[in-house]
Amino acid sequence: MTSTANQAQSAQQQGPQESRVFAPPAAFAEQAAVSGMAAYDALCAEAAADYEGFWARLARENLAWQKPFTSVLNEADAPFYKWFEDGHLNVSYNCLDRNLQNGNADKTAIIFEADDGTSTPVSYRQLHEKVCKFANGLKSRGIKKGDRVIIYMSMSVEGVAAMQACARIGATHSVVFGGFSAKSLQERIIDAGAVAVITGDEQLRGGKQLPLKAIVDEALALGGCESVKDVIVYKRTGGNIAMVAGRDMWLSDLVDQQSAECEPEWVSAEHPLFILYTSGSTGTPKGVQHSSGGYLLWAALTMKWSFDIKPNDVFWCTADIGWVTGHSYIAYGPLAVGATQVVFEGIPTYPNAGRFWDTIAKHKVSIFYTAPTAIRSLIKASDVDPKVHPNNFDLSTLRLLGTVGEPINPEAWMWYYNNVGREKCPIVDTFWQTETGGHMITPLPGATPMVPGSCTLPLPGIMAAIVDEAGHDVPNGQGGILVVKRPWPSMIRTIWGNPERFKSGYFPEELGGKMYLAGDGAIRNKETGYFTITGRIDDVLNVSGHRMGTMEIESALVANPLVAEAAVVGKPDDTTGESICAFVVLKQARPTGEDAKRLALELRNWVGKEIGPIAKPKEIRFGDNLPKTRSGKIMRRLLRVLAKGETITQDVSTLENPAILEQLKEAS
């Protein structure tokens, strides 16, 4: 059986049928950008009747073009699709200059909510000036169109400005999440061939000062990063850090004497706006490359469709700019539509677990977008301490809620709907990926009846389907592989420097080579056709909405001198959605008791240093060996059963060492 066939088979599972249905509130639907299912159906019909015409209309209506496009979709080199390729535009111009021209110059673009609770408003005029000075500073260092720049920063106005400044001069940025280790950062610097790193001295999280510049120094010292000529440092905490003469400079020194005007670099719509690294099942991170025009179109359009953004809304996406959600729904989408948004530096539990609700009340947030992991942790917190329950806060300004990063379980959805939205806010449960650039399947808040736990229906123009291992459609009610049958403007263009991996990973030949493979299993409801995502069909774990390759974690474990072999699987977790369970064979005798606990802690910390804290296994089990077939293949499906604490019912006759299963039942 092929790997895709195995994936299809593993996607067959069906969750419990959800019968609760919630119609969009009538008052919301009346004023919505897409009002009622008839309006949704009309957009879908337009896309079906004239696919290229549909996207061309939206691109002309939603973006400002310096040179209008004449070519809409170029499929000549499929699956390397090109959209609006002869059109020229600038992403930063679309996000900032347009707002100076249309009356939004003095409108608040960003409300920066610092870790300590202080807040700072930044207008579109001020943000434009900051970005232009930043862009001129980059140019003064010789950074130009086509160069790659790594951004390793915490949540800040400067982080957003750094991304916009790169876009303004045509440099391709690659943001690395501030929780990643020096080794992870080094790998990304090398792969991208970055000429500069923009970072901070330290970051503030939960009242703690955590290193950034020191990790950059460590990454560069690991070697192979000779392409980096400049390290630009934003002074956030004033902490004592080392500065290397001739390479390192303070951001303030770079920008202070620069002009507040910077002519944008007009680029082709296909010009790479950014590379964002995401985990792959082979262990090496994949540099997902996104275009300028198609990506920005979808970021702006989904702000209007999914979030129903209005001029007086205060939008808050709680993601980090190190993830794609922070790209599309902090750095680009909200600014492209002239929205006011909260940019949040802190964590949801500092100074207490009421921080989210307090911030919503403080800034009169009307649209709130967060991860199911955060919701689940705050449910637990409010059960322990009733003072931090959302009922104790004024959330009356909320009109729309959203979730992102992973499927939300129905009971968490209901708690969110009842206690945060007070039964009056639609919830947009958004399915999408780093590779898709923006939402793909989600309720439209003024149109789609909502079902807890279901992302419902594809957005207009997104030709999503569920197929078997041969690429044939499966009937509703039967699980299969989620695919998208037609290219769309915001899709991944390639994997940076690895076009063959792009083709084999996302457009496999066994599916015909032209259907986008999402890598998720899904099932459609027999009656409504609603989609429910059933989980990853490859070896990528989704922990708190963060995707990590099992091979990446296994490689980190085996790099420890004590470890001979390791296998990593996911197991369901009430808080993080999925947690990491590692099965480890040491080069010494299998530890027990306190020795096992001590070694497990040591290995967790090792993985945290190698990859980052989010990759630490929650559970480590030690064995004399791993369950293997006689040909030496590790039987991970059996390990998944053990991790869940379930009884193995599968045939184990092919195992070389079936007795090992009993040993691996115990966690350390």
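The centres of domain 1 and domain 2, taken over C-alpha atoms, are separated by 35 Å. The model is predicted, and the domain assignment of the protein chain gives domain 1 as residues 119-298 together with 312-338, while domain 2 covers residues 544-664. The points below take up the interface between these domains, then a span annotated in UniProt, and then some features of the backbone.

**Interface between domain 1 and domain 2**

- On the side of domain 1, 16 residues are in contact with domain 2, which for its part contributes 13 residues to the contact.
- Between them, domain 1 and domain 2 bury about 1,100 Å², and 48% of this area falls on carbon and sulfur atoms.
- The polar side of the interface includes six residue pairs in polar contact, counted with both residues at pLDDT 80 or more.
- Helix α8, which spans residues 182-192, supplies the largest share of the side of domain 1 that touches domain 2, and this share amounts to three residues.
- Sorted by class, the side of domain 1 that touches domain 2 consists of nine polar, four charged and three nonpolar residues.

**The salt bridge**

- How many salt bridges are counted between domain 1 and domain 2? The count is one salt bridge.
- A salt bridge is formed by the side chains of Lys609 and Glu218, with a distance of 3.2 Å from N to O.

**The UniProt span at residues 40-95**

- An unreviewed UniProt entry places the feature "domain: Acetyl-coenzyme A synthetase N-terminal" at residues 40-95.
- A cis peptide bond, with omega of about 5°, joins Ala78 and Pro79, and Pro79 sits in the loop between β1 (73-74) and β2 (82-83).

**Other backbone features**

- What is the geometry of the peptide bond from Tyr350 to Pro351, cis or trans? This bond from Tyr350 to Pro351 is cis, and its omega is near 0°.
- Pro351 has its place in the loop that runs between β17 (340-344) and α13 (355-363).
- Thr456, a residue other than glycine, has a positive phi, with a value near 70°, and Thr456 is found in the loop between β20 (427-429) and β21 (464-467).

Terms used: Residues numbered from 1 in each chain as written. Heavy atoms only, no water. Domains from an automatic or database assignment. Contact = heavy atoms within 4.5 Å. Buried area = accessible area lost by both parts, 1.4 Å probe. Salt bridge = Lys/Arg side-chain N within 4 Å of Asp/Glu carboxyl O. Polar contact = N/O pair within 3.5 Å; in protein donor to acceptor, adjacent residues only side chain to side chain. Helix = DSSP H or I, 4+ residues; strand = E, 2+ residues; numbered from the N terminus. Nonpolar A, V, L, I, M, F, W, Y, C, P; charged D, E, K, R; others polar. UniProt positions renumbered as here; feature names shortened; annotations may be inferred.
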